[in-house]
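This briefing covers the domains, the contact between them, the ligand surroundings and the salt bridges. Please read it alongside the model.

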Amino acid sequence: MAKKKLNIALIGTKFMGKTHSNGLRQVSKFFDLPTEPVMKVLCGRDPGDTKAAAAQMGWEEHSANWKEVIARDDIDIVDIATPGDLHKPMAIAAAKAGKHVICEKPLANTAKESEAMLAAVKKAGVKHMCGFSYRFAPAVATIKKMIRAGELGEIFHFRAAYQQDWIVDPEFPLVWRLQKKHAGSGALGDIGAHILDMCHNLVGPISEVSAATQTFIKKRKIPDSRTGMHRSNRASKKAKMGTVTVDDAAIVLARFKGRNTLATFEATRFAPGRRNHHTFEINGSKGSVVWDLEDMNYFQYFNRADPDQAQGFRRVNATDPGHPYADAWWPPAHSIGYEHLFTHEFYDFIRELNRKTVSYPTFEDGLQCNRVLDAVEKSARSKKWEKV
Ligand code: SOE
């Protein structure tokens, strides 16, 4: 019997538009789904660019009018992959139209916006996911199962860094990710959100923070195009200068209600040589684990119960059939990449569409992260510990 079709509208055609399009194109080819996702409409700002992107990435239709698309009766899921300032209006419109909603991280630019989005999806009774993609790495999902099974014991430390270097050059222009009105914050909300969520995912909710932020380069040239993350991106020679209104780096200390755990986070775009270096280490009473996005198929595991003569970090390859998602792809050690995580996201979302409880990060998780982001910025201003 033919499977019920799920018509999807994706809003966003740049980097996340590409990762989401690729994830959607692959999901039913590698995973057994109860319904058939259809790449129905791609929405973008520029009609010409969107038409070209839709043809290239495999969308049936294209539109430059997201409000019109969200209102269509034949759309079942709205997937938002735009700058953060558009997340709230789009998600609320989609919820009011009875659509299930997927939204990139951070869920919104403030906790207040996230609260309104969560209220709207709950009121509409639709499913909602926030795109914390790194939760879907087989190695990370395995670490989560180990922690939940008590294999690390009591958690003493969660230690994470997310370092990039694409804006170290002062000639890199003032793209939307460097403007508070579009992005909400800089390294903090863009990449810091991932490591803060990873801590929520693996350890538990952060209750208070002490933080510092820094903007190293305060003025940059205003570019013709507001997007473009390649470090060779440049504005024209005669471009005017504009003010960077977000952080370039954030350092955070965190505590947890009812736990002895201490956590530290570093998010920076000023670490030359660190192209996309998301790494965490967790130290517990029974052992430790380490994961590094730049070596994402492996994790390191130290087990204090190993015999003395054999103690040390073992390097586990998380591509065996026993590792989450792994057996949908290739035989062991043939490795998967960053792009597969988006396929995993859509697999879980579509597979669990009719379930009461879900395994993926929802708007609740997105709001929890936004509350920490707000508290971090408050602490950076007050130079005091701030409650989440
Ligand atoms: C830019 O820092 C970025 O594209 C983030 O926005 C993504 O969330 C991250 O996965 C890769 O880097």
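How far is an oxygen atom of the ligand from an N or O atom in the side chain of histidine 194? The distance is 2.8 Å.

This is a predicted model, in which local features need pLDDT of at least 70 and side-chain atom pairs count only at pLDDT 80 or more, while totals for chains, interfaces and linings use all residues. Residues are numbered from 1 along each chain as its sequence is written, and side-chain values use heavy atoms, with hydrogens and water left out.

**Domains**

- Domain 1 covers 5-134 and domain 2 covers 136-387, with bounds taken from an automatic or database domain assignment.
- Their C-alpha centres are 22 Å apart.
- Domain 1 gives 51 residues to the contact and domain 2 gives 56 residues, where contact means heavy atoms within 4.5 Å.

**Interface of domain 1 and domain 2**

- The two domains bury about 4600 Å² between them, 70% of it on carbon and sulfur atoms; buried area is the accessible area (1.4 Å probe) that two parts lose on being put together, summed over both.
- On the domain 1 side, Phe31, Phe132 and Tyr134 lose the most area to domain 2, together 21% of what that side buries.
- The rule finds three salt bridges across this interface; a salt bridge is a side-chain nitrogen of Lys or Arg within 4 Å of a carboxyl oxygen of Asp or Glu.
- There are also 16 residue pairs in polar contact across the interface, both residues at pLDDT 80 or more. A polar contact is a pair of N or O atoms within 3.5 Å; within protein, one must be able to donate a hydrogen and the other to accept it, and residues adjacent in sequence count only if both atoms are side-chain atoms.

**Ligand surroundings**

- Residues around the ligand include Phe15, Lys105, Tyr134, Arg177, Asp190, Asn276 and Tyr338, counted as near if one heavy atom lies within 4 Å.
- An oxygen atom of the ligand lies 2.6 Å from an N or O atom in the side chain of tyrosine 134.
- For the side chain of glutamine 164, the distance from one of its N or O atoms to an oxygen atom of the ligand is 3.0 Å.

**Salt bridges**

- The count by this rule is 23 salt bridges.
- Lysine 122 and glutamate 364 form a salt bridge, with the closest N and O atoms 3.0 Å apart.
- Arginine 135 and aspartate 365 form a salt bridge at 3.4 Å, N to O.
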